[in-house]
Amino acid sequence: MDALPAHMRPERSFQGLILTLQRYWADYGCVILQPYDMEVGAGTFHPATTLRALGPKPWNAAYVQPSRRPKDGRYGENPNRLQHYYQFQVILKPSPGDIQELYLKSLAAIGIDSHLHDIRFVEDDWESPTLGAWGLGWECWCDGMEVSQFTYFQQVAGVECAPVSGELTYGLERLACYLQGVDSIMDLNFNGREGAEKVSYRDVFFQAEQEYSRHNFEYADTAMLFEQFKMAENACRKYLEAGWRNGGNQKEHLMALPAYDQCIKASHAFNLLDARGVISVTERQSYILRVRELAKACGEAWVHTETGRAG
Amino acid sequence: MPDLLLELFSEEIPARMQAKAADDLRRMVTDKLVAEGLVYEGAKAFATPRRLALTVHGIPPRQADLKDERKGPRVGGPEAAIAGFLKATGLSSIEEAQIQRDPKKGDFYIALIEKPGRATIDVLAEILPVIIRTFPWPKSMRWGARSAKSGSLSWVRPLHAITCTFGLETEEPDVVKFNVDGIETGQTTFGHRFMAPQAISVRRFEDYEAKLLEANVVLDAERRKDAIVTDARTLAQAQNFELVEDQALSDEVSGLVEWPVVLMGSFDKEFLSIPGEVIRATIRNNQKCFVVRDPATDKLANKFVLTANIEASDGGKAIVDGNERVIRARLSDAKFFYESDLKTKLEDRLPKFDQIVFHEKLGTQGERIKRIERLAAEIAPLVDADVEKTKRAARLAKADLLTEVVGEFPELQGLMGKYYALAQGEDASVAAASEEHYKPQGPNDRVPTDPVSVAVALADKIDTLVGFWAIDEKPTGSKDPYALRRAALGVIRLIVENKLRLHLLQMTAAANGGRPTNGGQLATDLLSFFADRLKVQLREQGARHDLVDAVFALEGQDDLLMVVRRVEALGKFLDSDDGKNLLAGTKRASNILSIEEKKDKRSFDGAPDAALYRLDEEKALAKAIDQVKRDAGAAVAKEDFAAAMSAMAKLRPAVDAFFDKVKVNDDDPKVRENRLKLLNEIRAATRAVADFSKVEG
């Protein structure tokens, strides 16, 4: 840590926090990926987690994922709610025996001293109805604040995980607020510089929060979104169907990833429609089910691909 | 005798599961020991966030040898029978069997089979892995590389180590050797995650518990809880405050820490403008912290008490700072919710209920609220409540369900309604009904007494019951998803404890409005549900359930207060000698009647003919019955059931004398019929208060 210049230190710089976490997990042996280039609601949606959690082959990866939750937009006015924020995601398959220690060391790396702070693992079972996924784990507390989610995946996309992956999700903005000692996300120091050189989270994202909140709640084109949902759903099914090959005795799939992209698209269209308030309570359930059916079909396809299957 | 120590060391076990898990572990291991013939002296189980532990002391070192005598075929019996006997008993030849002499039936073979007892440590090594593999966690999971294979161990969270020793106090104990999915038993455990993470070698329970304590782990949840509550009280008192005690919270918090360190933090006084219950819910539910109150004002102070799991190197300053920041953010949210709630009048929220489905077969919340309002208005005059206030209260009582604060903290429903109603200037009774109409929530909850609250509470519950009865969603067995039993008990307590005179059949008819009643079946069905609930309620208070049956057996008993009064009077009467004897007489009359009714295939209703009386005892009885009917009837009309009972007591000598001297089945059929009619009159006379034939004994 001594080698780190002040502007890179995780307690002073948002990007410094990200870089420190990347560095830490790269040192552990993770593949450091870049964000998936699509709109997703959480880091779990990245195929590097959803699909790679399936099948027997080992997989260790870490990445930042911008996450969009259209309903959480507050026009930039709420100190800790945004419609676009960053998650830092780690997936370790199979879950190593010392995963809790690895996690605690990552906290040490970003400056959270476990002899000074009260770190706790508090029960929190995770379930994603849209992904057909569930797992058991905790929310990790530091001095009463939830700083991460920790999950042992038991099932993803309707498929039993064998072996089980461990998933860590750091809520970066909240963690950074804690480290920098500020009460509002907008007040975060983004680049770790001071004075005229300082760029705040507000400088980067405030306008975006306002514009997207307007879009998500007031103007998003619902007719188009309904249509997009249907198109993505149809495309997903089409690609899935087209992808099956029967090579030798083994059933094989050749297009799980493009099909899954369409599942992600459908999910995001649904989230926008939900934010616009045009989906009734009963319809809501059926949309979630439709996305889950796509996710399950993609999972089924994935375990018949080169990367997803045994051997 | 030797002792067992077992510890299952894992990642963090959810607080809510710990106590039951400890109990399950103790029960499963000791049950199995007993089933294996190993009777122990005592057992105790413990749980912390990271371990389940069990000590069983005084287990015999070996099972007793088993001796079994097996009777075989007769000496000289068929060869096949002897071969079968040898096979079944494991004897190698018939010479090994003994011969039992039997001069009557002939001699036969006996096999003495001796099964030597096994060493307890071997039995343990066999039963414990099975218990671990079949442990009843409410939710369990797989983990790690082994989860790739089917049949891998499931545990609540990853299990890391198993300590298991067995031996005498005076000797070095043995490790009970077994292996569960790759985890080998040993005698190594670990201390506090941060304060003393190093491995600890343990021998038996006494040094185990002591070494854990040195390693900053308090094994016993009760001790952790006591420490938390005691320290929290002390911290509060030091500042002249008092802790707001919270049993459920102390239970939960003691399951979140192995080494409780209690600290106090504060928040900005401006937040005290929020209702205390909202502050408490925020701090308690989200942060698992206690709140404190100022005994002088009985209001919350701007302090909270947190329980950390560590003695921090700075004495807890950073921990308090961190918690204060989180609580500040949470309270800001709560304050924002509360203040924005205040901007909308409760009645302006009502139209939204028309969009919210209460139950798909029972329409919207909006329709339900209108029904409750209508029914409450009908009940109001019967309970001395102002009709207009009652209607207003019923209309607003549910409105807070749509507020932000109740959305965030559902347990504050009703209470927030009261605050918001007062803030918009509603009448105090109207506002109170928001909170009170949900009561009583159970057998120990307070029953509202304000007539407006009583009327709305009754209307709410009766509407629920009638609605679910109408769509045939009644509770069955342990399933009661709509808490209908609780609603019925609520109605009973509201009526009985407020001494209200209400006719349930009228109420249910009113609640049902114009909907189909299934030929009146709904109302009688529901009434018998009330009768069952009342029975449970009275039984818990020590009354006999058969007395409730005896009263409900009379026609049209839907006035619960009167039912209870009858049961009380009947109970007292039956405790007296007069009561017991009259009951015996009545029963005798009933028995004779039912036999003769069966024989003649007819009943003996109708007045006896005085001209047919032959004996003085008959005449005396007839006179006594007339007298009792008059007196008891008059007493019942005045609702003086005790007096009705005393009147009935006067029947006893005449009944006794009748049975003493009179032969019912006289040879003259006319006399016989008349006497049977007289017996029927006894039964009829006693029905003024209850149907004595339903009384047991």
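Trainee: Is the crossing in which H1(A) passes H4(A) left-handed or right-handed?

Mentor: The model is predicted: local features need pLDDT of at least 70, side-chain atom pairs 80 or more, while totals for chains, interfaces and linings use all residues. Residues count from 1 along each chain as its sequence is written; chains are lettered from A and ligands numbered from 1 in written order. Helices (H or I, at least four residues) are DSSP runs numbered from the N terminus. With left-handed meaning the near helix is turned anticlockwise from the far one by less than a right angle, and right-handed clockwise, H1(A) passes H4(A) in a crossing that is right-handed.

Trainee: How do H1(A) and H4(A) lie to each other?

Mentor: Helix H1 (14–28) and helix H4 (172–180) of chain A have axes 10 Å apart, at about 115°. Angles of 65 to 115 degrees count as perpendicular, so H1(A) to H4(A) is roughly perpendicular.

Trainee: Which residues of H4(A) make the contact?

Mentor: Contact means C-beta atoms, placed from the backbone, within 7 Å. H1(A) brings Phe14(A), Leu17(A) and Ile18(A). From H4(A) come Leu172(A), Leu175(A), Ala176(A) and Leu179(A).

Trainee: Which residues of helix H6 of chain B are buried?

Mentor: Buried needs 20 or more other C-beta atoms within 10 Å; exposed, 12 or fewer. The side of H6(B) turned away carries exposed Gln247(B) and Ala248(B). The buried ones in H6 (247–254) are Leu249(B), Val253(B) and Ser254(B).

Trainee: Within what arc do the buried residues of H6(B) fall?

Mentor: The arc is taken from directions between helix axis and C-beta atoms. These residues line one face of H6(B), because they fall within an arc of 125°.

Conventions. Helix = DSSP H or I, 4+ residues; strand = E, 2+ residues; numbered from the N terminus. Axes fitted to C-alpha atoms, helices over the stretch in contact; angles between N-to-C directions. Parallel < 35°, antiparallel > 145°, perpendicular 65-115°, else oblique. Contact = placed C-beta atoms within 7 Å.
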